[in-house]
Amino acid sequence: MTEPTTRRQITGLIPRAGEFDVTGLTRDTRQVPESANAQPADPAPLSNTGPRPVAPLLPPTESRKVNVSVYLPIELRDRARAAYRATAHLHDDNSWSAYVAHAVELLTQAREHEHHHGVPYAPDQQSLTPGRPLG
């Protein structure tokens with residue numbers, strides 16, 4: 001026969017001040033300022049009750065970055081890493097990412113000069129076609 005189980009409780013934790021209201025976390029109930037640069041005049045103190053204020057959207061800046069995954073031939077990657085290690089101090093490349101970003105910037109400028117009269121192409125955030133091109 002099995003013995004009746006007793007309800008176990010976790011002890012030693014500080015009880016919460018109150019239940020957290022999650023209604024302000026859904027997209028339909030989120031409060032967004034009218035302008036992306038609008039700041040609330042008097043920010044409400046943070047508490048565990050009621051919706052929390054939402055930070056305004058950040059304007060695009062050079063400091064905003066995105067992770068990009070690409071495939072390179074091993075030999076090219078190894079040569080590029082060797083060049084980075086050997087010359088980073090001469091060109092103020094603070095990181096491997098800065099080196100790769102600089103390389104992409106140079107090739108982009110060259111193609112804009114060659115094919116677009118030196119005028120920068122408009123930013124394009126559409127997804128690229130995955131995989132190899134057909135044909």
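These are my notebook entries on a predicted model of one protein chain.

**Ground rules.** I number residues from 1 along each chain as its sequence is written. The model is predicted, so I take local features only at pLDDT of at least 70 and side-chain atom pairs only at pLDDT 80 or more, while totals for chains, interfaces and linings use all residues, and side-chain values rest on heavy atoms, with hydrogens and water left out.

**Entry: the overall fold.** I began with the secondary structure and found two helices and zero strands. Helices here are DSSP runs of H or I with at least four residues, strands are runs of E with at least two, and both are numbered from the N terminus. Next I looked up burial, using buried for under 20% relative accessible area, exposed for over 50% and partly exposed for what lies in between (1.4 Å probe, protein chains only). Of the 135 residues of the chain, 4% count as buried. Then I turned to contacts, meaning heavy atoms within 4.5 Å. Among contacts with a separation of 6 or more, 21% come from residues 24 or more positions apart.

**Entry: aromatic rings.** I counted rings of Phe, Tyr and Trp (its six-membered ring) as a pair if their centres lie within 6.5 Å; planes under 30 degrees apart are stacked, over 60 edge-to-face, and the rest tilted. That rule gives three aromatic pairs. I looked closely at Tyr-84 and Trp-96: their ring centres are 5.8 Å apart and their planes stand at 75 degrees, so I noted the pair as edge-to-face. Tyr-84 sits in helix α1 (residues 74-91) and Trp-96 in helix α2 (residues 96-115), so this pair ties together parts that are twelve residues apart in sequence. Tyr-84 is buried at 18% relative accessible area, whereas Trp-96 is partly exposed at 31%. With Tyr-99, these two residues form one aromatic cluster.

**Entry: the loop between the helices.** I found Asp-93 in the loop between α1 and α2. For charges, I took Lys and Arg as positive and Asp and Glu as negative, leaving out His and the chain ends. A salt bridge needs a side-chain nitrogen of Lys or Arg within 4 Å of a carboxyl oxygen of Asp or Glu. Asp-93 is buried but has no salt bridge, and the nearest side chain of opposite charge is Lys-65, 11 Å away. What does Asp-93 touch, leaving aside its neighbours within four places in sequence? I listed Tyr-84, Ala-88, Ala-98, Tyr-99 and His-102. Asp-92 lies in the loop between α1 and α2 too, and it counts as exposed at 65% relative accessibility.

**Entry: positive phi.** I noted that most residues other than glycine have a negative phi. Asp-92 has a positive phi of about 55 degrees although it is not a glycine. I wrote down His-117 as well, which is not a glycine and has a positive phi of about 55 degrees. His-117 is in the segment after α2 and counts as exposed at 79% relative accessibility.

**Entry: salt bridges.** How many salt bridges does the rule give? I found one. It joins the side chains of Asp-78 and Arg-77, at 2.9 Å from N to O. Asp-78 is partly exposed at 36% relative accessibility, and Arg-77 is partly exposed with a relative accessible area of 34%.

**Entry: Glu-112.** I looked up Glu-112 in helix α2. Glu-112 is buried yet has no salt bridge, and Arg-111, the nearest side chain of opposite charge, is 10 Å away. Not counting residues up to four places away in sequence, Glu-112 touches His-117, Gly-118, Val-119, Pro-120 and Tyr-121.

**Entry: the largest pocket.** The search used a 1 Å grid over the protein atoms alone, where a pocket is an open set of points with protein on both sides within 12 Å along at least five of seven lines, a 1.4 Å probe is used, and lining residues have an atom within 4 Å of a point. I noted a volume of about 1,600 Å³ for the largest pocket. Its lining has 28 residues, and Val-68, Val-100, Ala-101, Val-104 and Glu-105 lie nearest its centre. Helices α1 and α2 each supply at least two lining residues, and the largest share, twelve residues, comes from α2.

**Entry: Ser-97 and Val-68.** From C-alpha to C-alpha, Ser-97 and Val-68 are 10.0 Å apart in space, and they are 29 residues apart in sequence.

Definitions and conventions. Grid points are joined across faces, edges and corners, and a volume is the space filled by probe spheres set on the points.
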